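Take a moment to look over the structure below.

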Amino acid sequence: MNPLCHLLALSAYVPDTVLTNNDLAKVVDTNDEWIVSRTGIKQRHKLADGDNASDLGLRAARKALTEAGMEANELTHVVAATCTPDVLSPSVACIIAGQLGANKVMAFDFSAACSGFLYGLSMCRALLAQDPDAKILFVCTEALTRRVNWGDRSTCVLFGDAATACILTTGANNVVAGLEDVVCHSDGAQRDLIVVGGGTRCQYGMGDTVGEEFFITMQGRETYKHAVRNMVHVCEEVLTRNGLSAADVNLLVPHQANLRIIEAVGSRLDLTGERVFTNVAKYGNTSSASIPLALAEARAEGRIRPGDRVLMTAFGAGLTWGAALLRF
């Protein structure tokens, strides 16, 4: 398939502060062995007190513009995937566009949680089909540690903060990769399995104490079953509709939520060992930033070479899930 959507740049930013499992053991009833055996996570990064999701995204965006050799005033769109915005309004995308000094671009946020990168690729491809001259800055940025209940050991050990940014155009010169296909799905009947609190459902008055509903909640066992099944099915769907099989995939880059999920998905797709990239041990679950952060690291480590086809898949709150194929 001839891609209508090309990545000119792919950059990532993670905060300097690292929280190890031993650090968490000082504030909640847990330990390194318990966390690693159940999730594969050894540490995660936490944004500074003075930073918000837009600050992380801005740093990733500046790196992407530099990599692409572009100025902010060349952009036509700024799109941000996040489930942890600075405020409900204005959007993170508008904040970043203003800080970059972009022109009067179309700027908006959307939330598909951990499937955000794949949903964003689908939307950006549609925007480029409508306007082939568009130059889109697509940012995935998450400040998940701001929505973690540090007293809930089942969730607080899972999440970290990070941001990524890519530049998307129809141009085929000096590209990093081309989007071959992307498929996205959802099932709102499962909306209560993963919830990121803090919205208008939390009806607080001035001076009220924040309750548990302000933070991330998750039904782990049910989420695991839906995640594995749906990620496998959507990968098979995107491969089949492109006349491909697992043998045509050089690398699987799944959402980095839990090593058990990653291994289960890879095994069922017959993609294992060096054909699966993982960095969940270092960053934990960074939601929408998870897959592009892994892609950026895989490129830096030489795990992705020119001509490689990369299969990506994710699931997230909603429930949302999807799969996509990139050709580097």
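This is a predicted model. Rolling a probe the size of a water molecule over the atoms shows where empty space is left. A search of the whole structure turns up one cavity of 30 Å³ or more. The largest cavity holds about 70 Å³ of space.

Which residues line the largest cavity? They are C83, A113, C114, L144, F159, I194, V196, I216, N285, S287 and A317. By class, nine of the lining residues are nonpolar and two are polar. None is charged.

Now turn to the open spaces. The largest pocket has a volume of about 530 Å³. Its lining is made of 23 residues. Nearest the centre of this pocket lie R38, L158, M218, G220 and N258. Several helices take part. The helices α2 (32-39), α6 (153-156), α7 (220-240) and α8 (259-269) each supply at least two lining residues. Of the elements, α7 gives the most, with four residues. The lining of the largest pocket has 11 nonpolar, eight polar and four charged residues.

The second largest pocket contains about 450 Å³ of space. It is lined by 23 residues, and C83, S111, V195, V196 and G197 lie nearest its centre. Here a strand gives the most to the lining: β9 (residues 194-196), with three residues. This lining divides into 10 nonpolar, eight polar and five charged residues.

Next, follow the backbone. Most residues other than glycine have a negative phi, and most peptide bonds are trans. This model has exceptions to look at.

Take A113. It has a positive phi of about 55° although it is not a glycine. A113 sits in the loop between β5 (106-110) and α5 (116-130). Is A113 buried or exposed? A113 counts as buried because its relative accessible area is 7%, under the 20% cut-off.

S287 is another case. Its phi is positive too, near 55°, and S287 is not a glycine. S287 lies in the loop between α9 (280-283) and α10 (290-300). With 2% relative accessibility, S287 is buried.

Now for the peptide bonds. The bond joining S89 and P90 is cis, with omega about 5°. P90 is found in the loop between β4 (77-81) and α4 (92-100). The peptide bond from G318 to L319 is cis as well, and its omega is near -15°. L319 belongs to the loop between β12 (309-316) and β13 (320-327).

Finish with a charged residue. D55 is placed in helix α3 (residues 53-68). D55 is buried, yet it has no salt bridge. Which side chain of opposite charge is nearest to D55? It is R59, 5.0 Å away. What does the side chain of D55 reach instead? It reaches the backbone nitrogen of N52, at 2.7 Å.

Conventions: Residues are numbered from 1 along each chain as its sequence is written. This is a predicted model: local features need pLDDT of at least 70, side-chain atom pairs count only at pLDDT 80 or more; totals for chains, interfaces and linings use all residues. Side-chain values use heavy atoms; hydrogens and water are left out. On a 1 Å grid over the protein atoms alone, a cavity is a set of points where a 1.4 Å probe fits but cannot get out, and a pocket is an open set with protein on both sides within 12 Å along at least five of seven lines; lining residues have an atom within 4 Å of a point. Grid points are joined across faces, edges and corners, and a volume is the space filled by probe spheres set on the points. Ala, Val, Leu, Ile, Met, Phe, Trp, Tyr, Cys and Pro count as nonpolar, Asp, Glu, Lys and Arg as charged, and the others, Gly among them, as polar. Buried means under 20% relative accessible area, exposed over 50%, partly exposed in between (1.4 Å probe, protein chains only). Lys and Arg count as positive and Asp and Glu as negative; His and the chain ends are not counted. A salt bridge is a side-chain nitrogen of Lys or Arg within 4 Å of a carboxyl oxygen of Asp or Glu. A polar contact is a pair of N or O atoms within 3.5 Å; within protein, one must be able to donate a hydrogen and the other to accept it, and residues adjacent in sequence count only if both atoms are side-chain atoms.
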